[in-house]
Amino acid sequence: MTTSTDVATVPRTNVGFLLAKASQRWNELLAEAFRASGHGDVRPSYGSVLVPLFEEDGLRMGELAARSHLAKQTMTTMVRVVERAGFVERRPDPEDARATRVHLTTRGRRFRPIAAREVARLEQHIEERIGDRRTATLRATLAQVVDL
């Protein structure tokens with residue numbers, strides 16, 4: 001166990017390092033899967049915008065940021081990138097002229113089943129590798145870490 005006096009070295013077994021490397025590997029596998037399915041221009045980072053919109057289209061920018069656990073400024077930048085790629089569009093909020101809502105475009109809606117299929121395939125691979133129970137535990141544990 002690492003103690004506060006061991007801060008001079010950060011081992012590769014450090015939780016933060018492992019989370020970062022697991023996330024990096026997941027994104028590499030996801031990018032490979034998108035490329036193999038003919039969607040090589042889709043970056044895994046688009047998920048911060050697309051996943052919440054797949055759940056509920058037409059979110060306000062602030063709600064989209066909250067659901068993705070990102071700052072509003074970061075989300076605004078991400079939406080611009082995903083918008084340039086043709087997956088989303090911003091529209092004025094009909095209930096509040098000061099607000100903007102983000103909507104999936106036709107391309108974004110068409111990509112939804114592709115993303116769902118590839119993510120499910122990767123999750124199945126994880127379940128095959130570590131088992132159903134450990135995958136469920138991993139999912140629950142990661143959800144707790146996200147909500148720290």
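Contact here means heavy atoms within 4.5 Å, and helices (H or I, at least four residues) and strands (E, at least two) are DSSP runs, numbered from the N terminus. What you have open is a predicted model, where local features need pLDDT of at least 70, side-chain atom pairs count only at pLDDT 80 or more, and totals for chains, interfaces and linings use all residues. Residues are numbered from 1 along each chain as its sequence is written, and side-chain values use heavy atoms, with hydrogens and water left out.

**Stop 1: helix α2**

Select residues 47–55, which make up α2. Which residues of this helix are buried (under 20% relative accessible area, with a 1.4 Å probe and protein chains only)? They are Val49, Leu50, Pro52, Leu53 and Phe54. Now show what covers them: the cover includes β1 (59–60), α3 (61–68), α4 (72–84), β2 (88–93), β3 (96–104) and α5 (106–130).

**Stop 2**

Two packed helices are described by the angle between their axes and the distance between the axes. Axes are lines fitted to C-alpha atoms, for helices over the stretch in contact, and angles run from 0 to 180 degrees between N-to-C directions.

Pick out Ser48, Val49 and Leu50 in α2, which meet Met75, Met78, Val79 and Val82 in α4.

The axes of α3 and α4 come within 9 Å and cross at roughly 100°, so α3 is roughly perpendicular to α4. On the α3 side you'll find Met61, Gly62, Leu64, Ala65 and Ser68, and they meet Lys72, Met75, Thr76 and Val79 of α4.

**Stop 3: Thr105**

Click on Thr105, in the loop between β3 and α5. Is Thr105 buried or exposed? It counts as buried, because its relative accessibility is 15%. Leaving aside neighbours within four places in sequence, Thr105 is in contact with Gly86, Phe87, Val88 and Glu89.

**Stop 4: salt bridges**

A salt bridge is a side-chain nitrogen of Lys or Arg within 4 Å of a carboxyl oxygen of Asp or Glu. How many does the structure hold? There are 13 salt bridges.

Start with Arg107 and Asp41, whose side chains meet in a salt bridge (2.6 Å, N to O). Arg107 is in helix α5 and Asp41 is in the loop between α1 and α2, so this pair ties together parts 66 residues apart in sequence.

Then select Arg67 and Glu56, another salt-bridged pair (2.8 Å, N to O). Arg67 sits in helix α3 and Glu56 in the loop between α2 and β1, so the parts they tie together are eleven residues apart in sequence. Arg67 also has a salt bridge with Glu63, with the closest N and O atoms 2.6 Å apart. Glu63 and Arg67 both lie in α3, four residues apart, about one turn of the helix. Finally, show Arg60, Asp93, Glu95 and Arg101, which salt bridges with shared partners join into one network.

**Stop 5: a nonpolar patch**

Select Val15, Leu19, Leu138, Leu142, Val145 and Leu148 to see a nonpolar surface patch of about 540 Å². Patches are made of residues with over 30% relative accessible area and no salt bridge: like charges are joined within 9 Å, nonpolar side chains (Val, Leu, Ile, Met, Phe, Trp, Tyr) within 5 Å. The areas come from the Shrake-Rupley method with a 1.4 Å probe, and for residues only the protein chains shown count as cover.

α6 gives the most, with three. Leu148 is in the segment after α6, and at 86% relative accessibility Leu148 counts as exposed (over 50%).

Technical notes: Angles under 35 degrees count as roughly parallel, over 145 as roughly antiparallel, 65 to 115 as roughly perpendicular and the rest as oblique.
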